[in-house]
Amino acid sequence: MKPKVSIIDYGLCNLYNVSNSFQHIGANVKIISTPEEIKKSDRIILPGVGAFKNGMRGLNLRNLIEPLKEHVQKKLPFLGICLGMQIMFDISYEFGEIEGLG
């Protein structure tokens with residue numbers, strides 16, 4: 001049985017490449033972008049390209065911050081790639097002081 005992997009679309013990532021990479025290694029990939037979809041996901045990937053501030057804005061506009069925090073607090077599998085991993089920090093000073101997911 002293929003593992004199910006959810007990739008979060010928050011407007012700042014190359015979903016095509018990330019999705020293809022995980023499909024290539026045998027994962028069943030689903031692109032998600034809502035809080036409800038995060039709550040139903042077992043494994044989450046948060047890719048990203050760009051500035052920390054824009055990443056947090058993209059997550060905030062889609063109301064994804066709290067569901068993401070809950071997912072990680074439950075110790076469910078999570079992979080942040082590039083900006084997606086940086087967003088997990090408490091704070092960033094890139095283009096000002098911006099709070100992260102902590």
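Select Asn 63 to begin: at 54% relative accessibility, this residue counts as exposed (exposed means over 50% relative accessible area, buried under 20%, partly exposed in between, with a 1.4 Å probe and protein chains only). The model on screen is predicted: local features need pLDDT of at least 70, side-chain atom pairs count only at pLDDT 80 or more, and totals for chains, interfaces and linings use all residues. Residues are numbered from 1 along each chain as its sequence is written, and side-chain values use heavy atoms, with hydrogens and water left out.

**Asn 63 and its loop**

Stay on Asn 63, which lies in the loop between H3 and H4. Helices (H or I, at least four residues) and strands (E, at least two) are DSSP runs, numbered from the N terminus. The phi angle of Asn 63 is near 55°, a positive value in a residue other than glycine.

**The sheet**

Next, select S1 to S4. They form an open sheet of four strands in the order S2-S1-S3-S4, with parallel pairing. Two strands pair if DSSP finds at least two bridges between them. At the edges are S2 and strand S4 (78–80), each of which pairs on one side only. From one strand to the next, the twist averages 25° (axes are lines fitted to C-alpha atoms, for helices over the stretch in contact, and angles run from 0 to 180 degrees between N-to-C directions).

Now show strand S1 (residues 4–8) with strand S2 (residues 28–32): the two run parallel and are joined by five bridges. Pick Ile 7, and its bridge partner in S2 is Ile 31. Trace the chain from S1 through helix H1 (residues 15–24) to S2; this β-α-β crossover is right-handed. That term applies when, with the strands pointing away from the viewer, the path from the first strand over the helix to the second runs clockwise.

On another side of the tour is strand S3 (residues 44–46), which pairs with S4 in the parallel sense over three bridges. Ile 45 stands opposite Leu 79 in S4.

**The core**

Which residues have the most contacts inside the largest nonpolar core? Select Ile 8, Tyr 10, Met 56, Leu 59, Leu 68 and Leu 101, in a core of 26 residues. Such a core is a set of buried Ala, Val, Leu, Ile, Met, Phe, Trp, Tyr and Cys residues joined through side-chain atoms within 4.5 Å. The elements giving two or more residues to this core are S1, H1, S2, S3, helix H3 (52–61) and helix H4 (65–73).

Zoom in on Leu 59. Leaving aside neighbours within four places in sequence, Leu 59 is in contact (heavy atoms within 4.5 Å) with Tyr 10, Leu 46, Leu 64, Ile 65, Leu 68, Ile 87 and Leu 101.

**The cysteines**

Move to Cys 82, in the loop between S4 and H5. Phi here is again a positive value in a residue other than glycine, near 55° for Cys 82. Cys 82 is exposed, with a relative accessible area of 52%.

How many disulfides are there? The count is zero, where a disulfide is a pair of cysteine sulfur atoms within 2.5 Å. The sulfur of Cys 13 is 11 Å from the closest cysteine sulfur, in Cys 82, and therefore too far for a bond.

**Last stop: Asp 90**

Finish at Asp 90, in the loop between helix H5 (83–86) and strand S5 (91–92). Asp 90 is exposed, at 57% relative accessible area. Beyond neighbours within four places in sequence, Asp 90 is in contact with Ile 98, Glu 99, Gly 100 and Gly 102. The C-alpha atoms of Asp 90 and Leu 101 are separated by 5.9 Å, although the two residues are 11 residues apart along the chain.
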